Amino acid sequence: MPRPSASAKLSLPGQTVAQRTKRTPLYAAHRRLGAKMVEFAGWDMPVQYQGVIDEHRAVRSRAGLFDVSHMGEIEVRGAGAFEFCQRLTANDVSRVKLFQAQYNLLLNERGGVIDDVIIYRLAEDTFLACVNASNSDKDFEWLSARSGSTVEVENVSAQYAQLALQGPRAEKILQPLTTLALAELKNFHFVFGDVETIRCMVARTGYTGEEGFELYCNSADAAKLWAVLLDAGAADGLVPAGLGARDTLRLEKGYPLYGHELDDTTTPLEAGLDWVTKFSKPDFLGREILLKQKDQGVKRKLVGLELLEPGIARGGYQLFKKDINIGQVTSGTKSPSLGKSIALGYVGVEHASIGNVVEVEIRSRKISAKIVPLPFYSR
């Protein structure tokens, strides 16, 4: 099926070399809606429109529309593309059939996480990796340096815009705009088709824990697609949602955020991503180190925390047990769905048992917190 041409080179409207931050094709649309804009991963992005809590609750109960065009896209193609992806990632890419997607991890030689990505199989020998905005250039350089003669790696990020339509009413909103059979589209599958007159790759994926879709289109069509979706969803309570709500939504589900729960010194086993790491593969980067870590056991572990006293645990706050520093918080918020302060953090494995009460230091004051199962929230 048709998709954006790999040879198309599109520029982002209004962007100049002198600008300190990049802008997505929807920058003007966000401004018109009164969004509060912030710098994120080198991009000028909307953090909220009417308010984080309202946008969060809209996604949980109705639907929200996110501009995630800052995310990067890297295409890997050629006769050796499958073997290349299989070698450099933790998950088993052989399980990804045509028009399927997979959550995966790019690993370094030490078993550290270079990035967490979604890999889409566009053709037998063509894969598209959606990468984190902050890692787009780094990932491209890493892959390019290891590509060899049978693989072509191209950073196609400028060609794509990406919108995330998330929430229990997402399918109801999107279906009248397309002839695609959305009810038949399974999780982590995608199709190509028109939404109104806009050619899109429509994927049953997301970062909120709700039903929904991520729609990839040519960057020149982004503003039209954004307007079409908001207009179509108005009667069903669809609202534009910013990065603030996206963060609280993912945190309630215990989803990791690169630079917080994941980095190139953290292994997937420490981060609770054992299920992504397929030792059944005979060879992948970092496998021997990770296998040794699996046999010996990890020394630290990512856990969920629920504060037992008023306060919010932010990333970087230290964790204690009987005045001994046992780790630190990576992300924290007041959960709009649960009405509780929650956090993710790393602690020594001996302190990681469910129900263990520890302390988080907030402005020189130690607050009690209990280790709880993940995710914090389930539909």
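Thr205 has 5% relative accessibility, so it counts as buried. Buried here means under 20% relative accessible area, exposed over 50% and partly exposed in between, with a 1.4 Å probe and protein chains only.

A word on what you're looking at. This is a predicted model, where local features need pLDDT of at least 70 and side-chain atom pairs count only at pLDDT 80 or more, while totals for chains, interfaces and linings use all residues. Residues are numbered from 1 along each chain as its sequence is written, and side-chain values use heavy atoms, with hydrogens and water left out.

Leu165 sits in strand S10, and with 0% relative accessibility it counts as buried. Leu165 and Tyr207 are 42 residues apart along the chain, and their C-alpha atoms are separated by 10 Å.

Val59, in helix H2, also counts as buried, at 0% relative accessibility. Beyond residues up to four places away in sequence, Val59 touches Gly64, Phe66, Gln166, Gly167, Pro168, Thr208, Glu210 and Leu249. From Val59 to Ser364 it's 305 residues in sequence and 35 Å in space, C-alpha to C-alpha.

**The cores**

Which residues touch the most other members of the largest nonpolar core? Out of its 43 residues, they are Phe66, Leu105, Tyr120 and Met201. A nonpolar core, by the way, is a set of buried Ala, Val, Leu, Ile, Met, Phe, Trp, Tyr and Cys residues joined through side-chain atoms within 4.5 Å. At least two residues of this core come from each of strand S6 (101–107), strand S7 (113–123), strand S8 (126–131), strand S10 (160–166), strand S11 (190–195), strand S12 (198–203), H7 and S18. Apart from it lies another core, of 32 residues, including Tyr49, Leu163, Ile173 and Leu185.

Back to Phe66: with neighbours within four places in sequence left aside, its contacts include Val59, Leu163, Trp226, Ala245, Arg246 and Leu249.

Helix H7 (residues 243–252) has 9 of its 10 residues buried, so it is largely enclosed by the rest of the structure. Among those buried residues are Leu243, Ala245, Arg246, Leu249 and Glu252. What do they pack against? The partners are strand S2 (36–40), strand S3 (43–48), helix H2 (52–61), strand S4 (63–67), strand S17 (324–334) and strand S18 (341–348). After H7 comes Gly254, whose phi is positive, near 75 degrees.

Helix H6 (residues 222–233) has 12 residues, which should span 16 Å at 1.5 Å a residue, and its end C-alpha atoms are 16 Å apart, which agrees. That expected span is 1.5 Å times one less than the number of residues. Buried in H6 are Ala222, Leu225, Trp226, Val228, Leu229, Leu230 and Gly233.

Searching the whole structure turns up 2 cavities of 30 Å³ or more. On a 1 Å grid over the protein atoms alone, a cavity is a set of points where a 1.4 Å probe fits but cannot get out, and a pocket is an open set with protein on both sides within 12 Å along at least five of seven lines; lining residues have an atom within 4 Å of a point. Grid points are joined across faces, edges and corners, and a volume is the space filled by probe spheres set on the points.

| Space | Volume |
|---|---|
| Largest cavity | about 100 Å³ |
| Second largest cavity | about 30 Å³ |
| Second largest pocket | about 300 Å³ |

The largest cavity is lined by 14 residues, and Val76, Cys85, Ile119, Ala129 and Leu143 lie nearest its centre. S8 gives the largest share of that lining, 4 residues. By class, the lining has 13 nonpolar, 1 polar and no charged residues. Ala, Val, Leu, Ile, Met, Phe, Trp, Tyr, Cys and Pro count as nonpolar, Asp, Glu, Lys and Arg as charged, and the others, Gly among them, as polar.

Phe66 turns up again in the lining of the second largest cavity, along with Ala164, Gln166, Gly206, Tyr207, Thr208, Glu214 and Arg246.

Terms used
Contact = heavy atoms within 4.5 Å.
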